[in-house]
Amino acid sequence: MDKVCAVFGGSRGIGRAVAQLMAPKGYRLAIIARNLEMAKAAAGELGGDHLAFSCDVAKERDVQNTFEEMEKNLGRVNFLVNAAGINRDSLLVRTKTEDMISQLHTNLLGSMLTCKVALKTMIQQQRGSIVNVGFVHTDMTKDLKEEHLKKNIPLGRFGEPIDVAHAVVFLLESPYITGHVLVVDGGLQLMI
């Protein structure tokens, strides 16, 4: 089986860290981001014949077209990583409705749309892996009040993209783990 992996949000943060771990393992990677130039730069750093694509995951037609292009140029996608996301973090009373809708469309609907398209191929192949990623310390979360939040994490620091990337690759390569939520939070859950 070809190891073709689509990494949505692969141009930075967690997605980029996942791609950096997967490239040396022989995966053929599609690095997908809204900004094509950033996706090309991230794919180029990996060496090999990895490809870059532009896609707005909140738009179903974009997602469908991107999967068609990936299949045409790389083969059937049998691994999917959803690491695309946006942050419009603000006090609820100050948040514009458009920002809330944009965040929901990208972070929630986007993952659902990519899974919907990927599952069709995976069901036909009777195999495949999908990992949907939360967030850790990246440029998307740089405006959070770090010091206050770190006090609640037993390991005393925010997770870095590479911390989550190791867990993502583990899940992708574990054929008998399914429907599992793996918490990678530095022990934060233990404090609740």
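Two residues are in contact when heavy atoms of theirs lie within 4.5 Å of each other. In this predicted model, alanine 84 touches Phe8, Gly9, Val57 and Asn107, leaving out residues up to four places away in sequence.

**Loop positions**

Alanine 84 belongs to the loop between strand 4 and helix 4. Its C-alpha is 9.8 Å from that of leucine 108, and the two residues are 24 apart in sequence. Threonine 95 sits in the loop between strand 4 and helix 4 as well. Apart from its neighbours within four places in sequence, threonine 95 is in contact with Arg88, Ser90 and Met100. Glutamine 126 lies in the loop between helix 4 and strand 5 (129-132). Although it is not a glycine, glutamine 126 has a positive phi of about 55 degrees.

| Residue | Relative accessibility | Class |
|---|---|---|
| Alanine 84 | 26% | partly exposed |
| Threonine 95 | 15% | buried |
| Glutamine 126 | 73% | exposed |

Threonine 95 counts as buried because its relative accessible area of 15% falls under the 20% cut-off. Glutamine 126, at 73%, is exposed because the limit for that class is over 50%.

**Helix 3**

Helix 3 covers residues 60-73, 14 residues in total, and spans 20 Å from its first C-alpha to its last, close to the 20 Å expected at 1.5 Å a residue. Its buried residues are Val63, Thr66, Phe67 and Met70. These lie on the same side of helix 3, because they cover an arc of only 100 degrees around the axis. Arg61 and Lys72, on the other side, are exposed. The packing partners of the buried residues are strand 1 (4-8), strand 2 (28-33), strand 3 (51-54), strand 4 (79-82) and helix 4 (97-125). Just after helix 3 comes glycine 75, with a positive phi of about 110 degrees.

**Helix 1 and the cores**

Helix 1 (residues 13-22) has Ile14, Gly15, Ala17, Val18, Ala19 and Met22 buried. Strand 1, strand 2, strand 4 and helix 6 (161-172) are among the elements that cover them.

In soluble globular proteins, nonpolar side chains tend to be buried together. The largest nonpolar core here holds 26 residues, and Cys5, Met22, Leu29, Ile31, Val81 and Val168 have the most contacts inside it. At least two residues of this core come from each of strand 1, helix 1, strand 2, helix 2 (36-45), strand 4 and helix 6. Helix 6 contributes the most, 6 residues. Another core, of 19 residues, lies apart from this one and includes Val4, Ile32, Phe53 and Phe67.

Not counting residues up to four places away in sequence, isoleucine 31 touches Val7, Gly10, Ser11, Ala19, Ala39, Ala42, Ala43, Leu46, Leu51, Ala52 and Phe53.

**Strands 2 and 3**

Strand 2 and strand 3 run parallel and are joined by 4 bridges. Alanine 30 has leucine 51 of strand 3 as its bridge partner. Together with helix 2, the two strands form a right-handed β-α-β unit.

How values were computed:
Residues numbered from 1 in each chain as written. Predicted model: local features only at pLDDT ≥ 70, side-chain atom pairs only at ≥ 80, totals over all residues. Heavy atoms only, no water. Expected span 1.5 Å × (residues − 1). Buried < 20%, exposed > 50% of the residue type's maximum accessible area, 1.4 Å probe, protein only. Arc of directions from axis to C-beta. Core = buried A, V, L, I, M, F, W, Y, C linked by side-chain atoms within 4.5 Å. Pairing = 2+ DSSP bridges. Right-handed = clockwise from strand over helix to strand, strands pointing away.
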